[in-house]
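The stops below are given in the order in which they may be selected.

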Amino acid sequence: IRDRYQRRVHGEVSADVESFMNPAEWTLALLHVARGTNGQKRKESAYMPLPDVIDRFTEVITKFVPYARQLEVDEFRSRIYDVKVQAVLKSHRLPLLDVFKSYLRKEQGKKSTEMDYLGFKQMLTDAGMVDNVFTFESAKEMFARIQQESEDTASLSFSEFLESVVALAPYKQPSPYLPLHSRLAVLLEQQLLPRLGHKFKWGKKYHHR
């Protein structure tokens, strides 16, 4: 798409393979794609009526957005399994497992092995994680997107819960100069675990940090 746009607008493709489009250029490029993917010949598509262009553009966006979101999720999941991020999670694994277990849903009087959205929402509320930046709507979207696509149940396994904790870190530590593992460490050691630790034996350790 980028090369086709550059040929159309600039007459050539930039030799810089890392060159980027700004939002306006990206939108214009998508419009060119929409005009050129309707099965018409080039001359015919050049004179496509505006309503048809709008319809085609809407169709392209509708098809493109789900793939873009999946790429975003896949890219973030790859960062979750970075060695340094995993090291932070490992050092706090037992407290996180206690927190996870304490918010599990109950089924027929017995605790489930997975966390539903109500438990996730309550955990965030108790930890004071919800604010005007990370809202309940943000939490609901995160919960839905963090689940494995193959699952039909609306709940999180422990590994998915850990993913949600990592996903929360950039919201609570938005500095772009801090790597993800550092943001996660601050979240766990100064916010999430200290605020939830009063129910557990390990709580005092985090309050003294």
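Predicted model: local features only at pLDDT ≥ 70, side-chain atom pairs only at ≥ 80, totals over all residues.

Residues are numbered from 1 along each chain as its sequence is written, and side-chain values use heavy atoms, with hydrogens and water left out.

**Helix α5.** Select residues 83–91, which form α5; helices are DSSP runs (H or I, at least four residues), numbered from the N terminus. Val-85, Val-88 and Leu-89 are its buried residues (under 20% relative accessible area, 1.4 Å probe, protein chains only). They lie on the same side of α5, because they cover an arc of only 95° around the axis, taken from the directions from the helix axis to the C-beta atoms. On the other side, Val-83, Lys-84 and Lys-90 are exposed (over 50%).

**Arg-79.** Next, select Arg-79, in helix α4 (residues 50–80). Arg-79 is partly exposed, at 35% relative accessibility (between the two cut-offs of 20% and 50%). Apart from neighbours within four places in sequence, Arg-79 is in contact with Val-85 and Leu-180 (heavy atoms within 4.5 Å).

**Helices α9 and α10.** Finally, select residues 158–172 (α9) and 180–196 (α10), which pack at an angle of about 90° with axes 8 Å apart. They are therefore roughly perpendicular to each other (65 to 115 degrees). Residues of this contact include Val-165 and Val-166 of α9 and Leu-180 and Leu-184 of α10.

Notes
Helix = DSSP H or I, 4+ residues; strand = E, 2+ residues; numbered from the N terminus. Axes fitted to C-alpha atoms, helices over the stretch in contact; angles between N-to-C directions. Parallel < 35°, antiparallel > 145°, perpendicular 65-115°, else oblique.
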